[in-house]
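Let's take a friendly walk through some aromatic rings and a helix. Have the structure open and follow along.

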Amino acid sequence: MLRKYSNSRSLSDNIKLGTLSAFSAGMVNIGSLLLFFSFSSNVTGHYAILAAEIVKGNLYQIAVVFSWIFLFFLGSFVSNLFVIHLNQKNSYIAHSIPLILEIICLMMVGFYGEYFYKETLAETEILLALMLFAMGLQNGLTASISNFTVKTTHLTGTTTDLGILFSMFTKKEFRNNEALKGRAKLLLYITAFYLIGAITAGFTYVYLNFKMFYLVSLVLIVIIIYDLSKLKLKMYWHQRKLIRLNFDNVIRMEKGKEESVAS
């Protein structure tokens, strides 16, 4: 999911990354709605609120909403910064760092909410800011490494693209296009798992409360560990192959010596 970059990624890579990250974004968004009465995985609505606050001339709210939008932007900026500067050295590490930062942000929200949260306005605004930064990190990472194919924190573009694709499938020539079919499959998986994540958060909110952010972090850890296990497995088989080659070389050398002595 995290080892490959841009056009070298397969449809399977994008589906795995898209489903798990969409599931986590769905949980975060509904979690913030239930806990703070505000969405946190996209900024479309926040632009509308910002405009409304500008019209009202409410300077404090303008600053707060603008900072939320900026932090989502900053998260995406930071993700791509790691990708483009570290990708040549180690793509797995470059792609993992934004997810690790996202996990830290969500764990902070969960921990503070569970032990210290007094439901004040200032606390709510800061925790929402952390969540928006985390979602910016995630969306920036998935979009960057998939060549803008995978975006998982909101479904406006996804729903639009699905509408376009399904209208194209009314013509036979497009129904037989494997690239379009793959794109539709990916978007359907992202939509379904975002919804499943949101429903899961809705059902478990009563029992988990702020602990739901630990569960989201666990899903993100699975993304990181999955590729790490693949890398270790690959290194294991590579080492076995090297050992086998060395063993064969030793046998050939011994046979060569024996034949030399016999002659």
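## A cluster of rings

F36, Y117, F210 and F213 are linked into a cluster by ring pairs. Keep in mind that this is a predicted model. Across the whole structure, a search turns up eleven aromatic pairs.

One of them joins F36 and Y117 in an edge-to-face arrangement, with 5.7 Å centre to centre and 90° between the planes. This pair links distant parts of the chain: F36 belongs to helix α1 (residues 11–36), while Y117 sits in the loop between α4 (91–115) and α5 (121–145), 81 residues apart. F36 counts as buried because its relative accessibility is 6%, under the 20% cut-off. Y117 is buried too, with a relative accessible area of 17%.

## A pair within one helix

F111 and Y115 form a tilted aromatic pair, 4.9 Å centre to centre and with 50° between the planes. Both residues lie in helix α4, four residues apart, so about one helical turn separates them. An α-helix has 3.6 residues a turn, so residues three or four places apart point the same way. F111 counts as partly exposed, at 44% relative accessibility.

Now to helix α6, which covers residues 156–168. Its 13 residues reach 19 Å from the first C-alpha to the last, close to the 18 Å expected at 1.5 Å a residue.

Which residues of α6 are buried? They are T158, L162 and L165. Seen down the axis of α6, these buried residues fall within an arc of 70°, so they line one face of the helix. The buried residues of α6 pack against α8 (178–208).

How values were computed
Residues numbered from 1 in each chain as written. Predicted model: local features only at pLDDT ≥ 70, side-chain atom pairs only at ≥ 80, totals over all residues. Heavy atoms only, no water. Phe/Tyr/Trp six-rings, centres within 6.5 Å; stacked < 30°, edge-to-face > 60°. Helix = DSSP H or I, 4+ residues; strand = E, 2+ residues; numbered from the N terminus. Buried < 20%, exposed > 50% of the residue type's maximum accessible area, 1.4 Å probe, protein only. Expected span 1.5 Å × (residues − 1). Arc of directions from axis to C-beta. Contact = heavy atoms within 4.5 Å.
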